[in-house]
Amino acid sequence: MEKISVAVRFRPPKPSVDADADSPSFSGGGAVGNREWRIDDSGISLLHRAVPVPGTSFVFDHVFNESVTNARIYGLLVRSLIRGAVDGFNGTAFAYGQTSSGKTFTMNGSGADPGIIPLAVRDIFDTAAEAADREFLIRVSYMEIYNEEINDLLTLGSEKLPIHESLERGVYVSGLREEIVNNAEQVLQLLELGEANRHFGETNMNVRSSRSHTIFRMVIESSAKHQTNSEDAIRVSILNLVDLAGSERIAKTGADGVRLKEGKHINKSLMILGNVINKLSENGKQRGHIPYRDSKLTRILQSALGGNAKTSIICTAAPEEIHIEETRGTLQFASRAKCVSNCAQVNEVSIETFILQQMSFSFRC
């Protein structure tokens with residue numbers, strides 16, 4: 001059993017909307033206001049006039065302030081998942097937090113500070129190249145969950161794809177386009193295509209707000225270069241890199257119409273994710289039914305939550321005093337997630353079994 005790795009990242013304070021262009025001020029955070037968050041390498045505490053508030057201290061694997069780079073977060077939370085995926089372990093990394101707290105920047109980054117997804121893509125191919133005794137086949141797909149419907153971001157018009165489950169494949173999305181890729185540049189081009197097809201929208205909290213959850217998936221198959229017989233094993237692992245839409249309060253986002261509908265679906269799926277984490281964090285005898293099927297997000301990520309996978313969660317938080325309640329909710333989610341254990345195992349099948357499975361998939365399609 002292996003605990004889910006959990007870290008918290010605070011983004012820099014944002015200038016107030018009425019701040020003068022030449023003399024920026026900040027809405028909360030730091031020493032502004034009566035309440036502020038105090039952080040160190042692994043702990044977070046809420047202070048009120050410099051006095052700790054009871055019940056608001058948390059400890060995680062890592063806590064990052066506003067100066068941290070995506071590369072450092074990647075090195076501490078995700079690089080080990082990549083090594084594991086190349087060796088045959090399933091892996092998942094995702095960012096969780098309120099809207100406008102830095103999730104998409106953490107996962108996608110910028111030209112000057114690449115995020116977890118582009119860093120992982122390059123690392124996959126570099127790590128595979130170092131395994132001189134194995135041959136690799138890598139396939140990628142990119143989907144979004146928008147208003148609780150699954151869309152293929154690599155194929156325009158491919159909407160409302162169904163979820164299925166089989167003994168061979170586990171839970172999977174039927175009809176999702178998969179591309180065989182040979183290098184990082186190919187993958188990054190597909191990511192760019194997918195981002196262009198993703199749903200974004202403007203709210204009072206964010207000019208470019210993610211209106212959907214996205215799951216970028218890499219399937220990594222490998223075999224020994226010099227097979228001796230049909231019993232030699234093939235490793236097949238799945239790596240999920242997930243950018244969740246942010247939880248939001250209508251009073252702050254000013255959402256109405258389409259944006260309001262989107263926000264309701266986002267909040268509901270995140271609530272179900274929280275329910276799943278709550279159940280998994282309970283003692284085994286008290287756990288009871290785990291509601292994976294209550295949302296498409298938790299259904300797709302079922303193996304990453306209490307299943308056969310190595311998982312890392314980066315919870316992003318806003319430092320401003322006005323967002324303290326949302327940040328507290330994020331930290332409570334993170335604290336419960338830290339109690340969840342997975343049972344990751346190398347995924348190996350014989351060559352004969354693998355060929356039969358591939359034939360079965362082809363007939364179904």
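Let's start with helix H4: spanning residues 116–130, it has 15 residues and reaches 21 Å from its first C-alpha to its last, close to the 21 Å expected at 1.5 Å a residue. (The expected span is 1.5 Å times one less than the number of residues.) This is a predicted model, in which local features need pLDDT of at least 70 and side-chain atom pairs count only at pLDDT 80 or more, while totals for chains, interfaces and linings use all residues. Residues are numbered from 1 along each chain as its sequence is written, and side-chain values use heavy atoms, with hydrogens and water left out.

**The chain as a whole**
- The chain's secondary structure comes to 11 helices and 19 strands; here helices (H or I, at least four residues) and strands (E, at least two) are DSSP runs, numbered from the N terminus.
- Of the 365 residues in the chain, 48% are buried; buried means under 20% relative accessible area, exposed means over 50%, and partly exposed lies in between (1.4 Å probe, protein chains only).
- Among contacts with a separation of 6 or more, 71% join residues 24 or more positions apart; a contact means heavy atoms within 4.5 Å.

**Back to helix H4**
- The buried residues of H4 include Ile-116, Ile-117, Pro-118, Ala-120 and Val-121.
- Further along H4, Asp-123, Ile-124, Phe-125, Thr-127 and Ala-128 are buried too.

**Two pairs of packed helices**
- Two packed helices are described by the angle between their axes and the distance between the axes.
- Axes are lines fitted to C-alpha atoms, for helices over the stretch in contact, and angles run from 0 to 180 degrees between N-to-C directions.
- Helix H7 (residues 257–281) and helix H10 (residues 324–337) have axes that come within 8 Å and cross at roughly 40 degrees.
- That angle makes H7 oblique to H10; angles under 35 degrees count as roughly parallel, over 145 as roughly antiparallel, 65 to 115 as roughly perpendicular and the rest as oblique.
- The crossing of H7 and H10 is left-handed, a word used if the near helix is turned anticlockwise from the far one by less than a right angle.
- On the H7 side, Leu-273, Gly-274, Ile-277, Asn-278 and Ser-281 meet Phe-333, Arg-336 and Ala-337 of H10.
- The residues of this contact of H7 with H10 divide into four nonpolar, three polar and one charged; Ala, Val, Leu, Ile, Met, Phe, Trp, Tyr, Cys and Pro count as nonpolar, Asp, Glu, Lys and Arg as charged, and the others, Gly among them, as polar.
- Helix H1 (residues 70–77) packs against helix H2 (residues 79–86) at an angle of about 50 degrees, with their axes 4 Å apart.
- H1 is therefore oblique to H2.
- Tyr-74, Gly-75 and Leu-77 of H1 make the contact with Arg-79, Ser-80, Leu-81 and Ile-82 of H2.

**Two loop residues with positive phi**
- Most residues other than glycine have a negative phi.
- Arg-49 has a positive phi near 50 degrees, and its place is in the loop between strand S4 (43–48) and strand S5 (51–59).
- Arg-49 counts as exposed, at 60% relative accessibility.
- Asn-147, not a glycine either, has a positive phi of about 50 degrees and is found in the loop between strand S8 (134–146) and strand S9 (149–152).
- Asn-147 counts as buried, at 16% relative accessibility.

**Glu-149 in strand S9**
- Glu-149 lies in strand S9 and is partly exposed, with a relative accessible area of 30%.
- Leaving aside neighbours within four places in sequence, Glu-149 is in contact with Glu-144 and Lys-160.
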